[in-house]
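Me: I would like to go through this structure with you, one topic at a time. Please keep the answers plain.

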Amino acid sequence: TRLILATRNNGKITELRAILADAGLTHELVGADAYPEIPDVKETGVTFAENALLKAHALAQATGLPAVADDSGLCVDVLGGAPGIFSARWAGRHGDDTANLNLLLAQLSDISAEHRGAHFACAAALALPDGTERVVEGRMRGALRTAPAGSGGFGYDPILQPEGETRTCAELTAEEKNAISHRGKAFRGLVPVVRELLG
Ligand code: ITT
Ligand code: NA
């Protein structure tokens, strides 16, 4: 059966396909771009979980198919958890990863190494056309570099060095990142729920 990936972020789609396939999910995974007529939902929630549910329900309602969604972001300790749910538009224009990363680095330029703790957070939501919903969350803790390094992944990956690592997320292989990432944890947790509800 088909399962909609309710996202238009290609970095997420690549990772989700690998994470879900590695977890043994055999559903046909179809990105939101296969439904260009369905408008993007306004992310009016105040938590990752609320926004992930909004996106999953919108696609499930519009397609009549089960949908999973990912809402995620970078939460910086010294900024009280910002950019958080605003990570995709921190510098103003939605999805401008380079501008977002550069603004954040500038904001942290005076912050010393011991105060550069942060985590990525991901809420993985499943919604069915009948309104059934589930959410699983995952986090990856690390420290923020003072300059970007690496070309893998997407978004803020070049500046987050996961705990216990000497490389940034953008210097890890896709497999290495997925094994420890917020997204890997959240969606590996969601897979048994998908199996239970969809078979
Ligand atoms: P969809 O809503 O279509 O899924 P989006 O890019 O708007 O796509 P979000 O609102 O969840 O998604 O924003 C997530 C932002 O958080 C994303 O733009 C990245 O900057 C950042 N982010 C999330 N996961 C990340 C990861 O694994 N590595 C680096 N940055 C990440
Ligand atoms: Na969001």
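Me: Leaving aside neighbours within four places in sequence, which residues is Asp-71 in contact with?

Reply: This is a predicted model. In it, Asp-71 is in contact with Phe-48, Asn-51, Ala-52, Lys-55 and Ala-123, once neighbours within four places in sequence are left aside.

Me: Is Asp-71 buried or exposed?

Reply: Asp-71 counts as buried, because it has 30 C-beta neighbours inside 10 Å and the threshold is 20 or more.

Me: Where is Asp-71 placed, and what does UniProt list for it?

Reply: Asp-71 lies in strand 3. An unreviewed UniProt entry lists Asp-71 under "active site".

Me: On to ligand 1. Which element gives the most to the shell around it?

Reply: Strand 3 does, with five residues. Helix 3 (97–107), like strand 3, supplies at least two residues of that shell.

Me: How many residues surround ligand 1, and which are the closest?

Reply: The count is 24, and the closest are Thr-7, Asn-9, Ser-87, Ala-88 and Gly-155. By class, the shell has ten polar, eight charged and six nonpolar residues.

Me: Now helix 1. Which of its residues are buried?

Reply: Lys-12, Glu-15, Leu-16, Ile-19 and Leu-20 are buried in helix 1. Seen down the helix axis, these buried residues fall within an arc of 120°, so they line one face.

Me: What do the buried residues of helix 1 pack against, and which exposed residues does the face turned away carry?

Reply: The buried residues pack against strand 1 (2–5), strand 2 (28–31), strand 3 (67–76), helix 4 (174–180) and helix 5 (182–198). The face turned away from the buried side carries the exposed residues Asn-10 and Ala-21.

Me: What span should helix 1 have at 1.5 Å a residue?

Reply: The 13 residues of helix 1 (residues 10–22) should span 18 Å, and the end C-alpha atoms are 18 Å apart, which agrees. Helix 1 is followed by Gly-24, whose phi is positive, near 90°.

Me: Last topic: where is Gly-142 found, and what does it touch beyond residues up to four places away in sequence?

Reply: Gly-142 is in strand 5 (residues 133–144). Not counting residues up to four places away in sequence, Gly-142 touches Ala-118, His-119, Leu-160, Gln-161, Pro-162 and Glu-163. Gly-142 counts as buried because it has 21 C-beta neighbours inside 10 Å.

Definitions and conventions: Residues are numbered from 1 along each chain as its sequence is written. Chains are lettered from A and ligands numbered from 1 in the order in which they are written. This is a predicted model: local features need pLDDT of at least 70, side-chain atom pairs count only at pLDDT 80 or more; totals for chains, interfaces and linings use all residues. Helices (H or I, at least four residues) and strands (E, at least two) are DSSP runs, numbered from the N terminus. The expected span of a helix is 1.5 Å times one less than its number of residues. A residue is buried if 20 or more other C-beta atoms lie within 10 Å of its own, exposed if 12 or fewer, and partly exposed in between; C-beta atoms are placed from the backbone. The arc is that of the directions from the helix axis to the C-beta atoms. Two residues are in contact if their C-beta atoms, placed from the backbone, lie within 7 Å. UniProt positions are given in the numbering used here, feature names are shortened, and annotations may be inferred rather than shown by experiment. A residue is near a molecule or strand if its C-beta atom, placed from the backbone, lies within 6 Å of it. Ala, Val, Leu, Ile, Met, Phe, Trp, Tyr, Cys and Pro count as nonpolar, Asp, Glu, Lys and Arg as charged, and the others, Gly among them, as polar.
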